[in-house]
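Keep the sequence and the model side by side as you read.

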Amino acid sequence: MSENNQTKNCGICGKLVIATPSAWVHEGAGTVEQKCRKCGWSGGQVGKFINCPRCGDATELVDDHTAS
Ligand SMILES: [Zn+2]
Ligand SMILES: [Zn+2]
């Protein structure tokens with residue numbers, strides 16, 4: 001088994017990002033890192049959260065940045 005995944009650290013948040021054919025993706029998460037302006041949570045998943053996983057707010061959860 002060879003390791004073909006190309007990885008580096010995100011230029012914006014410093015987390016590990018993985019190269020996919022279409023874009024850089026945060027490890028275990030989606031292309032876009034989301035941030036809650038209410039409680040300060042940040043993170044992502046494949047797809048997007050509708051509500052903040054920490055406080056449940058839906059209106060203050062915004063896209064923070066795209067993996068780069
Ligand atoms: Zn990032
Ligand atoms: Zn929150």
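β4 and strand β6 (residues 61-66) pair in the antiparallel sense over five bridges. Strands here are DSSP runs of E with at least two residues, while helices are runs of H or I with at least four, and both are numbered from the N terminus. Two strands count as paired if DSSP finds at least two bridges between them. Strands of a sheet pair through backbone hydrogen bonds, either parallel or antiparallel.

A word on the model and its labels. It is predicted, so local features need pLDDT of at least 70 and side-chain atom pairs count only at pLDDT 80 or more, whereas totals for chains, interfaces and linings use all residues. Residues are numbered from 1 along each chain as its sequence is written, and chains are lettered from A and ligands numbered from 1 in the order in which they are written.

Now the overall plan. The protein chain has zero helices and six strands. Along the sequence the pattern reads β-β-β-β-β-β. The C-alpha atoms fill a box of roughly 40 × 20 × 20 Å, taken along the principal axes. Of the 68 residues in the protein chain, 16% are buried. Buried means that 20 or more other C-beta atoms lie within 10 Å of the residue's own; 12 or fewer makes a residue exposed, and anything in between makes it partly exposed, with C-beta atoms placed from the backbone. Contacts tell of the chain's reach. Among those between residues at least 6 apart in sequence, 28% join residues at least 24 apart. A contact requires C-beta atoms, placed from the backbone, to lie within 7 Å.

Return to β4. In the pairing with β6, Val32 has Thr66 as its bridge partner. β4 also pairs with strand β5 (residues 42-43), antiparallel, through two bridges. There Gln34 stands opposite Gly43. The hairpin of β4 and β5 has five residues between the strands, and Gly40 takes a positive phi near 90 degrees.

Together these strands make an open sheet of three, ordered β5-β4-β6, with antiparallel pairing. β5 and β6 stand at the edges with a single partner strand each, so one side of each is left without a neighbour in the sheet. What of β4 itself? Four of the five residues of β4 are buried, so this strand is largely enclosed by the rest of the structure.

Next, the other sheet. It too is open and holds three strands, in the order β1-β2-β3, with antiparallel pairing. β1 (7-9) and β3 stand at its edges; each has a single partner strand, so one side of each lacks a neighbour in the sheet. From one strand to the next, the twist averages 35 degrees. That angle is taken between N-to-C directions and runs from 0 to 180 degrees; the axes are lines fitted to C-alpha atoms, for helices over the stretch in contact.

Follow the pairings in order. β1 and strand β2 (residues 16-19) run antiparallel, joined by three bridges. Thr7 stands opposite Ile18, and Asn9 stands opposite Leu16. The two strands form a hairpin with six residues between them, and Gly14 in the turn has a positive phi of about 85 degrees. Three bridges then join β2 to β3, again antiparallel. Ile18 has Val25 as its bridge partner in β3. β2 and β3 form a hairpin as well, with four residues between them.

That leaves the loop between β3 (24-26) and β4 (32-36), where Ala29 lies. Which residues does Ala29 touch, not counting residues up to four places away in sequence? They are Gly43, Gly44, Gln45 and Val46. Asn51 is 22 residues from Ala29 in sequence and 16 Å away in space, C-alpha to C-alpha.

Thr31 sits in the loop between β3 and β4 too. Thr31 is partly exposed, with 19 other C-beta atoms within 10 Å. Not counting residues up to four places away in sequence, Thr31 touches Ala23, Val25, Thr66 and Ala67. The C-alpha atoms of Thr31 and Gln6 are separated by 15 Å, and the two residues are 25 apart along the chain.

How values were computed: Two residues are in contact if their C-beta atoms, placed from the backbone, lie within 7 Å.
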